[in-house]
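Have the viewer open while you read.

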Amino acid sequence: VRFEKGANSAVVEGSITVYETVYYDLGAKKGQYMIVGMATNNRANYFTILAPGENQIAMFNGSIAGNQYEGSLPKSGDYKVRVYMMRSAARRSEVANFRLEMIITGG
């Protein structure tokens, strides 16, 4: 995700279906503050955030904590925001439309 010149935020809109997953990379520095929020029309649609260098364990899991993250970043590098649907909804071939807002401030 690239912020427009002078901006500290970006909004993306999209949709996923079945077992589809979408990744957004956000470059940030240690100590910066990140806010990520997602609005969706499907209650089984969530996002996770993976820290730089991590491919398995999420530093934030929306299916547990809800679709809003705020916090100071522990490392510099590319953070991966992964948008997905729970298996129960995917098995029913549901579609999820989403709007994801990402903000990075400080540093």
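Which residue forms a salt bridge with Glu 13, and how far apart are the closest N and O atoms? The partner is Arg 99, and the closest N and O atoms are 3.5 Å apart. A salt bridge here is a side-chain nitrogen of Lys or Arg within 4 Å of a carboxyl oxygen of Asp or Glu. Glu 13 lies in strand 1 and Arg 99 in strand 8, so the pair ties together parts that are 86 residues apart in sequence.

Some ground rules before going on. This is a predicted model, where local features need pLDDT of at least 70 and side-chain atom pairs count only at pLDDT 80 or more, while totals for chains, interfaces and linings use all residues. Residues are numbered from 1 along each chain as its sequence is written, and side-chain values use heavy atoms, with hydrogens and water left out.

**Salt bridges**

Searching the whole structure turns up two salt bridges. The other pairing to look at is Arg 92 with Glu 94, whose closest N and O atoms are 2.7 Å apart. For accessibility, buried means under 20% relative accessible area, exposed over 50%, and partly exposed in between (1.4 Å probe, protein chains only).

| Residue | Relative accessible area | Class |
|---|---|---|
| Glu 13 | 60% | exposed |
| Arg 99 | 39% | partly exposed |
| Arg 92 | 53% | exposed |
| Glu 94 | 23% | partly exposed |

**The open sheet**

Strands are DSSP runs of E, at least two residues, numbered from the N terminus. Two of them pair if DSSP finds at least two bridges between them. Four strands make an open sheet in the order 1-8-3-6, with antiparallel pairing. Strand 1 (9–17) and strand 6 (68–72) are at the edges with a single partner strand each, so one side of each has no neighbour in the sheet. From one strand to the next, the twist averages 15°, taken between lines fitted to C-alpha atoms, with angles running from 0 to 180 degrees between N-to-C directions.

Strands 1 and 8 run antiparallel and are joined by nine bridges. Ile 16 belongs to strand 1, and its bridge partner in strand 8 is Ala 96. Is Ile 16 buried or exposed? Buried, at 1% relative accessibility. Contact means heavy atoms within 4.5 Å; beyond four places in sequence, Ile 16 touches several residues, including Val 22, Asn 45, Val 83 and Phe 98.

Thr 105 sits in strand 8 (residues 95–105) and is partly exposed at 29%. Leaving out neighbours within four places in sequence, Thr 105 contacts Asn 8, Gln 32 and Tyr 33. Its C-alpha atom is 9.2 Å from that of Ala 28, 77 residues apart along the chain.

**Strands 2 and 7**

Strand 2 (residues 22–28) and strand 7 (residues 77–85) run antiparallel, joined by seven bridges. Gly 27 stands opposite Asp 78 in strand 7. In a regular strand, side chains alternate between the two faces of the sheet. Strand 2 has Val 22, Tyr 24, Leu 26 and Ala 28 on its covered face, and Tyr 23, Asp 25 and Gly 27 on the uncovered one.

**Rings**

There are three aromatic pairs in the structure, where rings of Phe, Tyr and Trp (its six-membered ring) pair if their centres lie within 6.5 Å. Phe 47, Phe 60 and Tyr 69 are linked into a cluster by ring pairs.

Conventions. Rings of Phe, Tyr and Trp (its six-membered ring) pair if their centres lie within 6.5 Å; planes under 30 degrees apart count as stacked, over 60 as edge-to-face and the rest as tilted.
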